[in-house]
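This briefing is meant to be read alongside the sequence and the coordinates. Please keep both in view while working through the points below.

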Amino acid sequence: MTGYYIIIGLFMLISWFVGNKLKSKFRHYSKVFLANGMSGREIAEKMLADNGINDVRVISTPGQLTDHYNPADKTVNLSDVVYNERNAAAAAVAAHEVGHAVQHAVGYNMLQFRSKMVPMVNLASRLNQWILMLGLIVMASSKNATLLWIGIFLFAVTTAFAFITLPVEYDASNRALAWLKGSNMVLPNEYDGAKDSLKWAARTYVVAAIGSLAQLLYFVMMAMGGRKSE
């Protein structure tokens, strides 16, 4: 299991770096105030209106970096620092979350596919760690890797979900940036701040996906090694 802990440790370190960089970027661009004086809520509502979306509400949600779009009740949920603030970082996040609402409205295929995977991913997430652990124990004692392969399949589901999330997130950011620029909502320096913020936000998803793939490959090698030793 030493190799597994090395992989986990490495990606925890990378994730920590990217996460800290993201927070640093948002702190920096939260000081770049919008010339139009609009808040994150107002930016979101304007983007929704410009895309002809009238059945989505923009609401405030507690916490930091808790912003998300909920397709179940059609709400764009913005954290307090985004909902109320009037800066480039807030504009970027607000527009990005509305980007998901636009995806939902136009039937963006990757978002639909991702949504259909959610029930299976939730189940796999609850079970895979326990089954993987038991599978490793069983394989070590009996050389039978069947249970481990079941755990690997469940882990593969969550890994696939992480990679499917990438185009969904990048597309939402592209929609946000295109609208911010095309509608002249922000000045060039404000646009650059929004673009840089979303770039680092996207990298957190990339790190998570690659880390999940690395763990998956490790378990596959463990299972194949156990089979060869039978």
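What follows covers salt bridges, nonpolar cores and a few individual residues and elements.

The model is predicted, so that local features need pLDDT of at least 70 and side-chain atom pairs count only at pLDDT 80 or more, while totals for chains, interfaces and linings use all residues. Residues are numbered from 1 along each chain as its sequence is written, and side-chain values use heavy atoms, with hydrogens and water left out. Helices (H or I, at least four residues) and strands (E, at least two) are DSSP runs, numbered from the N terminus.

**Salt bridges**

- A search of the whole structure finds eight salt bridges, each defined as a side-chain nitrogen of Lys or Arg within 4 Å of a carboxyl oxygen of Asp or Glu.
- One of them joins the side chains of Glu42 and Arg86, with an N to O distance of 3.2 Å; this pair links distant parts of the chain, 44 residues apart, with Glu42 in helix 2 (residues 40-50) and Arg86 in the loop between helix 3 (80-83) and helix 4 (88-106).
- Glu42 is partly exposed, at a relative accessible area of 26%, and Arg86 is partly exposed at 37%, where buried means under 20% relative accessible area, exposed over 50%, and partly exposed in between (1.4 Å probe, protein chains only).
- Glu42 and Arg86 also belong to a network of salt bridges that links them with Arg41 and Glu45.
- A salt bridge of 2.6 Å, N to O, forms between the side chains of Lys74 and Asp55; Lys74 lies in the loop between strand 2 (68-70) and strand 3 (75-79) and Asp55 in the loop between helix 2 and strand 1 (57-61), so the pair ties together parts that are 19 residues apart in sequence.
- Lys74 is partly exposed at 30% relative accessibility, and Asp55 is partly exposed at 45%.
- Within helix 7 (residues 188-228), Lys199 and Asp196 lie three residues apart, about one turn of the helix, and their side chains meet in a salt bridge of 3.2 Å, N to O.
- Lys199 is partly exposed, with a relative accessible area of 37%, whereas Asp196 counts as buried at 12%.

**Nonpolar cores**

- The largest nonpolar core has 56 residues, of which Ile43, Val76 and Leu78 touch the most other members; such a core is a set of buried Ala, Val, Leu, Ile, Met, Phe, Trp, Tyr and Cys residues joined through side-chain atoms within 4.5 Å.
- The elements that give two or more residues to this core include helix 1 (2-29), strand 3, helix 5 (109-142) and helix 6 (146-182).
- A second, separate core of eight residues includes Met117, Val121, Ile131 and Phe161.
- Not counting residues up to four places away in sequence, Val76 touches Val56, Arg57, Val58, Ile59, His68, Tyr69, Glu97, Val98 and Ala101, contact meaning heavy atoms within 4.5 Å.

**Individual residues and elements**

- Ser79, found in strand 3, counts as buried at 0% relative accessibility.
- With residues up to four places away in sequence left out, Ser79 touches Thr61, Gly63, Gln64, Leu65, Thr66 and Asp67.
- Asn84 is found in the loop between helix 3 and helix 4 and is partly exposed at 44% relative accessibility.
- The C-alpha atoms of Asn84 and Gly40 are separated by 6.0 Å, although these residues are 44 residues apart along the chain.
- Helix 6 has 37 residues and reaches 55 Å from its first C-alpha to its last, close to the 54 Å expected at 1.5 Å a residue, the expected span being 1.5 Å times one less than the number of residues.
- Asn184, which follows helix 6, has a positive phi, near 55°.
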